[in-house]
Amino acid sequence: MAGFDFTDKIVLVTGASRGIGKVIAEEFARAGALVCGTATSENGAKSIEENLHAIAGKGLGLVLNALELDSVAGVVAQVTEKCGAAPEILVNNAGITRDTLFMRMKDADWDAVIACNLTAVARLSKACVSPMMKKRTGRIINITSIVGEIGNAGQCNYAAAKAGIIGFSRSLAKEVGSRGITVNCVAPGFIETDMTKELGEAGLKYWLDNIPLKRIGQASDIANAVLFLASDSASYITGATLDVNGGLRCA
Ligand code: NAP
């Protein structure tokens, strides 16, 4: 992506081993950032690091399991130790689904999705905000979902977490704006990744019929929005949710 310069900015991207997070991490690396990306396994972290080094000659792969809430903030401490400073840009991208109709949803499926997709976002944000406040600058970008905006049958847990992210981000934006920190969301629509590949032909046709731009989104569409919100060009944008959905929400 041309035009953005993040030279030597320390960027933490969660869930950077696959899908949307992987492309976000790659684009920040191409724009000069020192990118720290997380995966749930050692192998995943190693692959992230190798990929970032192939692109930019620098970068870190770290292990993060957002379901283990007590240790989530530890990843920020690791970044600080290994990079010499805390993340200046945090992209909360890691997310999971445990879909089923609400009446059949097990408490464990509710708890896991809220923990990974909402509580971990808050913990990571808290760990990053304090050093950002001291520096009087910072960017937090949270990946929510169109499902958090309009709902979706079979995804009550996911929708609650993603809607929660939007309310959380708006509130935090009000708390930290005077310190030069912006907090925004990107709300993807239907993006081609592992998370959506189970859909099958009929499901795919349904979405294509309903997306005004008549194509499934790509991870790069989301990365473009994230890099914009992290850039100086977005310095007067905070508490916003940027829809990146091919027009699906207005269909
Ligand atoms: P994905 O392809 O399934 O990748 C998920 C990423 O999250 C992977 O890097 C994975 O790491 C990591 N992850 C999974 N469980 C985790 C855990 N317990 N702790 C920490 N990290 C974990 O997902 P995606 O489609 O790229 O989605 C990325 C974000 O966009 C999510 O927040 C998702 O809700 C949101 N989103 C996606 C779509 C879409 O259409 N794809 C639409 C709206 C919103 P491992 O590789 O180690 O498992």
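This briefing describes the ligand site, the pockets and the cavity of the structure above. The structure is a predicted model, in which local features need pLDDT of at least 70, side-chain atom pairs count only at pLDDT 80 or more, and totals for chains, interfaces and linings use all residues. Residues are numbered from 1 along each chain as its sequence is written, and side-chain values use heavy atoms, with hydrogens and water left out. The ligand takes up the space of the largest pocket, and the whole structure also holds one cavity of 30 Å³ or more.

**Surroundings of the ligand**

- There are 30 residues around the ligand, and Ser17, Thr40, Asn93, Tyr158 and Thr193 come nearest; a residue counts as near if one of its heavy atoms lies within 4 Å.
- This shell consists of 15 nonpolar, twelve polar and three charged residues. Ala, Val, Leu, Ile, Met, Phe, Trp, Tyr, Cys and Pro count as nonpolar, Asp, Glu, Lys and Arg as charged, and the others, Gly among them, as polar.
- At least two residues of the shell come from each of α1 (19-30) and α7 (156-176). Helices (H or I, at least four residues) and strands (E, at least two) are DSSP runs, numbered from the N terminus.

**Polar contacts and cover**

- Thr193 has a side-chain N or O atom 2.5 Å from an oxygen atom of the ligand. A polar contact is a pair of N or O atoms within 3.5 Å.
- Arg18 places a polar side-chain atom 2.8 Å from a ligand oxygen atom, while for Asn65 a polar side-chain atom lies 3.0 Å from a ligand nitrogen atom.
- On its own the ligand has 900 Å² of accessible area, of which the protein covers 92%; such areas come from the Shrake-Rupley method with a 1.4 Å probe.

**Pockets**

- On a 1 Å grid over the protein atoms alone, a pocket is an open set of points with protein on both sides within 12 Å along at least five of seven lines, and lining residues have an atom within 4 Å of a point.
- The volume of the largest pocket is about 1100 Å³.
- Its lining has 43 residues, with Gly95, Thr97, Tyr158, Thr193 and Met195 nearest the centre.
- The largest share of this lining, three residues, comes from α1.
- By class, the lining of the largest pocket holds 20 nonpolar, 18 polar and five charged residues.
- The second largest pocket contains about 230 Å³ of space, and among its 14 lining residues Phe6, Lys9, Ala230, Ser231 and Asp232 lie nearest its centre.
- Four nonpolar, five polar and five charged residues line the second largest pocket.

**Cavity**

- A cavity is a set of grid points where a 1.4 Å probe fits but cannot get out; the largest cavity holds about 50 Å³ of space.
- Residues lining the largest cavity include Thr14, Leu64, Asn93 and Cys116.
- Helix α5 (residues 107-135) gives the most to this lining, with four residues.
- The cavity lining has seven nonpolar, three polar and no charged residues.

Note on methods: Polar contact = N/O pair within 3.5 Å; in protein donor to acceptor, adjacent residues only side chain to side chain. Sits in = over half its atoms within 2 Å of the grid points. Points joined across faces, edges and corners; volume = space filled by probe spheres on them.
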